[in-house]
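Biologist: Hi! I'm new to this one, could you walk me through it?
Modeller: Happy to, let's bring it up first.

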Amino acid sequence: MSSREPSSPKFRLRLLPVLIAAAVTSQAHAADLWTITQDALQNNSTLGASRSTFQSVEAGRDVARGSLLPQIDATAQVAHNNTLESQSSSSALGSAGTGGTGTGSESSYNSTSAGIELTQALYDATSWAELEIAKRETGQQALLLQADRQQLLYDVASAYFEILRANDVLEASISQEKAIKRQLDQAQEQFDVGLVATTDVNEAQASYDLARSQRISAENDLQVSFEALERLTGKRYDSIDALSDDIPIESPEPAGRDNWIQMAIANNPNVQAAQAAVDVSQAEVEQAEAGHKPTLSAFANYNYSDSDQDVYDGHNANTEVGLTAKLPIYRGGTTSAQVRQQTYTLEATQYDFEAQRRDTTQQVRSLFTQVMNDVESVEAQRQAIVSNRSALEATRSGYEVGTRNIVDVLDAEQALYQAVSDYADARYTYVTDMVELRQQAGVLDQDVIRDLNQWLRETETVTLRLPEDGGMSRMEDIGERPTMEQSSAP
């Protein structure tokens, strides 16, 4: 056994922080699925990026609308002008070199001008098509945001129940390690008095080492599961509420697979977004075709100018109102090429929509079948625990009377705790498959999370377990395992 005495000052110093941490943890309220979901909706970076993208696309709709609204421009100018004029003349005599005349003038003045112009598009098919594209893109992005939101709800629920799954597996591993450790101690005691051979001790030792390694792996899985939840929410949770044992394991409602498929086609945001992408591409084709159409706009402008030049006095003002029409005749074939380009893009989005529809249909079919199998699997795994417990008791009795050997007992121990782990796995698989089925059907919302949260127990929590300082294992309270010298002692 360890030589460290509980009454030593060093032990008390090391134990004090652990006791304080345990006290704080016991006083803190464990987080439940609803609370963690709200944290994720507020803090998840992926959803935040999707929300900002939607707002950006929504602002693009206002940008496209602006080209169809009145456009008003104002101009003003102040300038200093300096003019130099020079003129000369010559007669025949002057040109012979006997004489000539010349004049010149220089003027300097300031000038000001101002103007305002109003234009209004009366008919512009291209601008209207751009606005329609922006509207459809906004609707498409809203559906993608909804899809990301539902994906986050599923991810949080999956990560939450993955923690509970890892904890149940860990608890089963701890119980298995303790049970095998007791079997090892018993085999060692019997070997010491010559009742069993050394092979029994070695077999028990090997099983104990395996159980210990499985427990260490389960500890790591639990810690990783907590970290996965932290990644989704940006917050760290030291404990969460456990799932009630009496949660109903029922078949999906409605019961028909086709009903779920129809629900998915009508409500799945990814399917709807793919259909919206087709609508966007159709509008882009119409925009390209609008390049062949004329434009008509109305305009009105007013211009004012003034200067202090000596020759002129007063100011000028001009007002103009009219219509402007423009008809594209030939642009090097660019417009026709753009129409062909957007037509092929439309065809591609139609194929994408069909692929998304088929993929969603297949996912719903598979999940519906999986949930139906989960219902039967949970019941079968529950019965397997009862059967394996009875088998273990019978094997132990046979070992005591000599009809079974220690290998049979160890195998029965491992079979029982494997059944416990399989039962926990089946329960949480059922829950997460049901949530995913609702996600694929497009009906996963916060109400589903709230209903699921009601089956959590505040009285029982799952706590993040970290290895203690100094490399001490949490299982050391079982007792130190025998050394090889002890196992082979005569």
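Modeller: Let's begin in helix α3 (residues 45-66), where Arg61 and Glu58 are 3 residues apart, so about one helical turn separates them. Please keep in mind that this is a predicted model.
Biologist: What joins the side chains of Arg61 and Glu58?
Modeller: A salt bridge, at 3.5 Å from N to O.
Biologist: And how accessible is Arg61?
Modeller: Arg61 has 24% relative accessibility, so it counts as partly exposed. Glu58 is partly exposed too, with a relative accessible area of 28%.
Biologist: Nice. Which salt bridge does Asp425 form?
Modeller: Asp425 pairs with Arg165, and their closest N and O atoms are 2.5 Å apart. This pair links distant parts of the chain: Asp425 sits in helix α10 (residues 406-441) and Arg165 in helix α5, 260 residues apart.
Biologist: Is Arg165 buried or exposed?
Modeller: Arg165 is buried, because its relative accessible area is 12% and the cut-off for buried is under 20%. Asp425, at 34% relative accessibility, counts as partly exposed.
Biologist: Which residues are linked in a network with Arg165?
Modeller: Glu162 and Asp425 are, through a network of salt bridges.
Biologist: How many salt bridges does the count come to?
Modeller: The count comes to 17. Another one joins the side chains of Arg357 and Glu354, at 2.6 Å from N to O. Both of these residues lie in helix α9 (residues 334-401), 3 residues apart, which is about one turn of the helix.
Biologist: How accessible is Arg357?
Modeller: Arg357 is partly exposed at 29% relative accessibility, and Glu354 is partly exposed at 23%.
Biologist: Let's switch to packing. How do the axes of α5 and α8 cross?
Modeller: The axes of helix α5 (residues 125-192) and helix α8 (residues 269-289) come within 9 Å and cross at roughly 170 degrees. An angle over 145 degrees counts as roughly antiparallel, and α5 and α8 are therefore roughly antiparallel to each other.
Biologist: Is that crossing of α5 and α8 left-handed or right-handed?
Modeller: The crossing is left-handed. As for the residues of the contact of α5 with α8, they divide into 11 nonpolar, 8 polar and 7 charged.
Biologist: Last topic, the backbone. Is the peptide bond from Glu253 to Pro254 cis or trans?
Modeller: That peptide bond is cis, with omega near 10 degrees. For context, most peptide bonds are trans.
Biologist: Where is Pro254 found?
Modeller: Pro254 is in the loop between β3 (239-243) and α7 (257-267).

Technical notes: Residues are numbered from 1 along each chain as its sequence is written. This is a predicted model: local features need pLDDT of at least 70, side-chain atom pairs count only at pLDDT 80 or more; totals for chains, interfaces and linings use all residues. Side-chain values use heavy atoms; hydrogens and water are left out. Axes are lines fitted to C-alpha atoms, for helices over the stretch in contact, and angles run from 0 to 180 degrees between N-to-C directions. Helices (H or I, at least four residues) and strands (E, at least two) are DSSP runs, numbered from the N terminus. Angles under 35 degrees count as roughly parallel, over 145 as roughly antiparallel, 65 to 115 as roughly perpendicular and the rest as oblique. A crossing is left-handed if the near helix is turned anticlockwise from the far one by less than a right angle, and right-handed if clockwise. Ala, Val, Leu, Ile, Met, Phe, Trp, Tyr, Cys and Pro count as nonpolar, Asp, Glu, Lys and Arg as charged, and the others, Gly among them, as polar. A salt bridge is a side-chain nitrogen of Lys or Arg within 4 Å of a carboxyl oxygen of Asp or Glu. Buried means under 20% relative accessible area, exposed over 50%, partly exposed in between (1.4 Å probe, protein chains only).
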